[in-house]
Amino acid sequence: MFRQALLVLDWDGTVTEVDTLHLVLEEFGDREIYARVEGALGRTMTLNEVIAAEFATVTAPLGEVVAWLLEKARIRPGFAELVRTHRPLIVSSGFHETIEPLLAREGVLEAVELRANRLDPQADGWRVLFRTEHECGTCGEPCKREDLPKGGEVVFAGDGYSDRCAALAADRVFARDGLASWLKSRSVPFEPLTDFHMLAAQL
């Protein structure tokens, strides 16, 4: 066990039970474009290009979308308790404007550091203001690796494509869903993530 572990969490599909980006796109976006560009992810399009194309199809007012998310989005059990104890860094490919209201709903907005993209929600399609355009020297895309804390043992928890490079750079990884499958296929060690009560008990 790491005595002074620096905890970094992905948001969508890791903190949330269901990816809220996917929820928003299925409810407010163009499902045909969503399906097409998701299929191009990692092949002919970078993650940032995919996100930009997907959210350009969302034209609903931000307030309407946030209100819908507050009703629909569910947080994985044990998250609030984990935050109050370990004060994690959350690094997300999602948006401050949709994540912060959910953190506030859970009563932990002031207890986490959040690094995410931002939105310019225009009526003819949302514009994404990416938190970084810097291409990683390892994966070749703007990614989360640079956000990992320096000078300590890093514990990282994630679930998907955007978490791959950071997971390879962390000292200890908790993974689920696509990230777990990807790490397993490359014989990279990880521990399964079920909920945050379990994760807290392991720290």
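Trainee: With which residue does Asp-147 form a salt bridge, and how far apart are the closest N and O atoms?

Mentor: This is a predicted model. A salt bridge is called when a side-chain nitrogen of Lys or Arg lies within 4 Å of a carboxyl oxygen of Asp or Glu. Here the partner of Asp-147 is Arg-131, with the closest N and O atoms 2.6 Å apart. Both residues lie in the loop between S4 and S5, so the pair ties together parts that are 16 residues apart in sequence.

Trainee: Which parts does the salt bridge between Lys-144 and Asp-163 tie together?

Mentor: The closest N and O atoms of Lys-144 and Asp-163 are 2.7 Å apart. Lys-144 belongs to the loop between S4 and S5, and Asp-163 to the loop between S5 and helix H7 (164–169), so the parts joined are 19 residues apart in sequence. Lys-144 is buried, with a relative accessible area of 2%, and Asp-163 is buried at 0%. Elsewhere, salt bridges with shared partners join Glu-113, Arg-115, Arg-131 and Asp-147 into one network. The count for the model comes to eight salt bridges.

Trainee: How far is Glu-54 from the nearest side chain of opposite charge?

Mentor: Glu-54 is buried yet has no salt bridge, and the nearest such side chain, that of Arg-36, is 10 Å away. Glu-54 is found in helix H3 (residues 47–55). Leaving aside residues up to four places away in sequence, Glu-54 touches Leu-25, Tyr-34, Val-37 and Glu-38.

Trainee: Which residues of H3 are buried, and where do they lie around the helix?

Mentor: In H3 the buried residues are Leu-47, Asn-48, Val-50, Ile-51, Glu-54 and Phe-55. They fall within an arc of 160 degrees, so they line one face of the helix. Their cover includes helix H1 (20–28), helix H2 (31–40), S2 and S4.

Trainee: Which residues are buried in helix H5?

Mentor: In H5 (residues 79–86), Phe-79, Ala-80, Leu-82 and Val-83 are buried. Down the axis of H5 they fall within an arc of 160 degrees, so they line one face of that helix. They pack against strand S1 (6–9), strand S2 (89–95), helix H6 (96–105) and helix H9 (196–202). Just after H5, Arg-87 takes a positive phi of about 45 degrees.

Trainee: In what order do the strands of the sheet run?

Mentor: Seven strands form an open sheet in the order S4-S3-S2-S1-S5-S6-S7, with mixed pairing. Strand S4 (125–129) and strand S7 (191–192) are the edge strands, each pairing on one side only. H6 packs on the sheet, touching S2 and strand S3 (113–122), and its direction makes about 125 degrees with that of S3.

Trainee: How many bridges does S6 form with S5, and how many with S7?

Mentor: Strand S5 (residues 154–158) and S6 pair in the parallel sense over four bridges, with Phe-156 opposite Val-173 in S6. S6 (residues 172–175) and S7 also pair in the parallel sense, over two bridges. Both faces of S6 are covered: Arg-172 and Phe-174 are buried on one side, Val-173 and Ala-175 on the other.

Technical notes:
Residues are numbered from 1 along each chain as its sequence is written. This is a predicted model: local features need pLDDT of at least 70, side-chain atom pairs count only at pLDDT 80 or more; totals for chains, interfaces and linings use all residues. Side-chain values use heavy atoms; hydrogens and water are left out. Buried means under 20% relative accessible area, exposed over 50%, partly exposed in between (1.4 Å probe, protein chains only). Lys and Arg count as positive and Asp and Glu as negative; His and the chain ends are not counted. Contact means heavy atoms within 4.5 Å. The arc is that of the directions from the helix axis to the C-beta atoms. Two strands pair if DSSP finds at least two bridges between them. Axes are lines fitted to C-alpha atoms, for helices over the stretch in contact, and angles run from 0 to 180 degrees between N-to-C directions.
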